[in-house]
Amino acid sequence: MRPRRGDRHVRLPGPQRGFGLGKVLVVLLLVVFFVSLGIKMAPSYLTYYQVRNIMERVVERPELAGAGSRAVLAAVTRQLGIDAVSSVDAKDFHLSREGEDTLLNLDYMVQQHVGFNVDVLMHFEHSVALPRP
């Protein structure tokens with residue numbers, strides 16, 4: 001007997017389709033993995049944005065216009081100490097010339113253990129131009 005238009009309970013032909021328990025567990029496992037990965041990587045990214053902010057503040061200082069590389073690096077190191085940033089130090093900074101501009105460059109890597117034998121390697125770079133005298 002074929003279902004008619006007005007019937008309330010119409011059965012679909014074939015088996016029902018949808019998300020089974022296996023698929024739900026796989027999706028849940030992936031969500032937990034990426035959330036835990038984000039939690040482990042977040043402090044490194046927060047430190048990177050803090051160091052970028054320090055670099056922006058240091059190059060805005062008028063007394064550093066035309067200053068030598070030692071004075072600029074000393075100001076950055078001093079500000080890192082004030083802001084209690086311990087994972088980045090003076091060896092991660094260097095000055096370079098690009099045309100007429102002098103750039104303060106940051107380049108460092110952070111290795112974070114995720115679990116088992118899996119580590120995440122994060123590479124951070126940033127450059128700011130020093131003011132001209």
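Predicted model: local features only at pLDDT ≥ 70, side-chain atom pairs only at ≥ 80, totals over all residues.
## Packing of the two helices

Helix α1 covers residues 21–59, and helix α2 covers residues 69–82. The two pack at an angle of about 135°, and their axes lie 10 Å apart. An angle over 145 degrees would count as roughly antiparallel, and one from 65 to 115 as roughly perpendicular; α1 and α2 are therefore oblique to each other. The crossing of α1 past α2 is right-handed.

On the α1 side, the residues that make the contact are V51, I54, R57 and V58. On the α2 side they are A75, V76, Q79 and L80. Sorted by class, the contact contains six nonpolar residues, one polar residue and one charged residue.

Is S44 buried or exposed? Its relative accessible area is 10%, and the limit for buried is under 20%, so S44 counts as buried.

Which residues does S44 touch, apart from its neighbours within four places in sequence? The contacts of S44 are with Y108, V110, M122 and F124. Strand β2 spans 101–115 and strand β3 spans 118–129.

Strand β1 comprises residues 93–98. β1 and β2 run antiparallel and are joined by six bridges. One of the pairings is between S96 and L103, the latter in β2.

The two strands form a hairpin, with two residues between them. In the turn, G99 has a positive phi of about 70°.

## Two loop residues with positive phi

A84 is not a glycine, yet its phi is positive, at about 60°. The residue is found in the loop that lies between α2 and β1. With a relative accessibility of 66%, A84 counts as exposed, the cut-off for that class being over 50%.

F116 is another residue other than glycine with a positive phi, in this case near 50°. Where does F116 lie? It sits in the loop between β2 and β3. The relative accessible area of F116 is 82%, so this residue is exposed.

Note on methods
Residues numbered from 1 in each chain as written. Heavy atoms only, no water. Axes fitted to C-alpha atoms, helices over the stretch in contact; angles between N-to-C directions. Helix = DSSP H or I, 4+ residues; strand = E, 2+ residues; numbered from the N terminus. Parallel < 35°, antiparallel > 145°, perpendicular 65-115°, else oblique. Left-handed = near helix turned anticlockwise from the far one by under 90°. Contact = heavy atoms within 4.5 Å. Nonpolar A, V, L, I, M, F, W, Y, C, P; charged D, E, K, R; others polar. Buried < 20%, exposed > 50% of the residue type's maximum accessible area, 1.4 Å probe, protein only. Pairing = 2+ DSSP bridges.
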